[in-house]
Amino acid sequence: MNSTGTPYLPTQNDGNGPFIVLEGVSGIGKTTLAAVLRDRLSATTLHTLPAPHDSWSVTVHAALRPLPQFAFYLSGLLHASDLIRQARTLGPVVADRYVSSMTACHAAVHQVPIEAVVERLLPFREYLVKPTRTFYLTCTEQRLRERLTTKQDIKADDHELLSVPGRLTSLLANFERVAAQDTSAVCLDTSEAPPEDLVDIILSHLEHPRA
């Protein structure tokens, strides 16, 4: 048992730093924007899944059925929330993927309704840190396919986006549905605007808190 006597609750309160999430499919520009935001805000950056989960995901996909896979990714989200709480005591935090990616990707890969994934997350929502803003990055499917074919660090998941029939279309639709239900959502088209301009837009949203 931890020092608070509540082992299933967070061990510390959030700090005051803004928590910014960048969401969207692979190749949409999340990593690039996260780096620019880090430099502009002197922020802590985090990729979900964080270590040690990031090194296990390939094995998990190969060995586990859908529900155990869900539990694995949920564990990664809960761990990420602990790291975010700690980092927010120092200042802003920028996450490359978070809850919406887990929801959209799990539903697309296993061909289950978004609602089924959302329902299974509900008991853990209070533990998961709520973003200040979640920026959903978008572009045309044709432009995205072009970016994926030239991506340098292509992974198995990226390959499946192009090789599995309907996977990319399904995932893009899932992100649209998740964004429509997200009260922290802001949609940004990355098709033409350079990263610095997109970061200016992100920062302008952070300067005007929602009621």
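**Reading the chain**

Guide: At 4% relative accessibility, Tyr-98 counts as buried, where buried means under 20% relative accessible area, exposed over 50% and partly exposed in between (1.4 Å probe, protein chains only). This is a predicted model, in which local features need pLDDT of at least 70 and side-chain atom pairs count only at pLDDT 80 or more, while totals for chains, interfaces and linings use all residues. Residues are numbered from 1 along each chain as its sequence is written, and side-chain values use heavy atoms, with hydrogens and water left out.

Visitor: Which aromatic pair includes Tyr-98?

Guide: Rings of Phe, Tyr and Trp (its six-membered ring) pair if their centres lie within 6.5 Å; planes under 30 degrees apart count as stacked, over 60 as edge-to-face and the rest as tilted. By this rule there are 2 aromatic pairs. In one of them, the ring centres of Phe-19 and Tyr-98 are 5.2 Å apart and the planes stand at 85 degrees, so the pair is edge-to-face. Because Phe-19 belongs to strand 1 (residues 19-23) and Tyr-98 to the loop between strand 3 (93-96) and helix 4 (99-110), the pair ties together parts that are 79 residues apart in sequence. Phe-19 is buried, at 0% relative accessibility. Phe-72 and Tyr-73 also form an edge-to-face pair, 5.0 Å centre to centre with 75 degrees between the planes; both Phe-72 and Tyr-73 are buried.

Visitor: In what order do the elements of the chain run from the N terminus?

Guide: Helices (H or I, at least four residues) and strands (E, at least two) are DSSP runs, numbered from the N terminus. The chain has 9 helices and 5 strands, and the order is β-α-β-α-α-β-α-α-β-α-α-α-β-α. The radius of gyration is 17 Å, close to the 17 Å that the globule rule gives for 211 residues, so the chain is as compact as a globular protein of that length. That radius is taken over C-alpha atoms, and the rule is 2.2 Å times the number of residues to the power 0.38.

Visitor: What percentage of the residues of the chain count as buried, and what share of the contacts join residues at least 24 apart?

Guide: Of the 211 residues, 42% count as buried. A contact means heavy atoms within 4.5 Å; among contacts between residues at least 6 apart in sequence, 79% join residues at least 24 apart.

Visitor: Is Arg-97 buried or exposed, and is Gln-111 buried or exposed?

Guide: Arg-97 is buried, with a relative accessible area of 16%. Arg-97 is found in the loop between strand 3 and helix 4, and has a positive phi near 85 degrees. Gln-111 counts as exposed, at 73% relative accessibility. Gln-111 lies in the loop between helix 4 and helix 5 (114-121), and its phi is positive, near 55 degrees.
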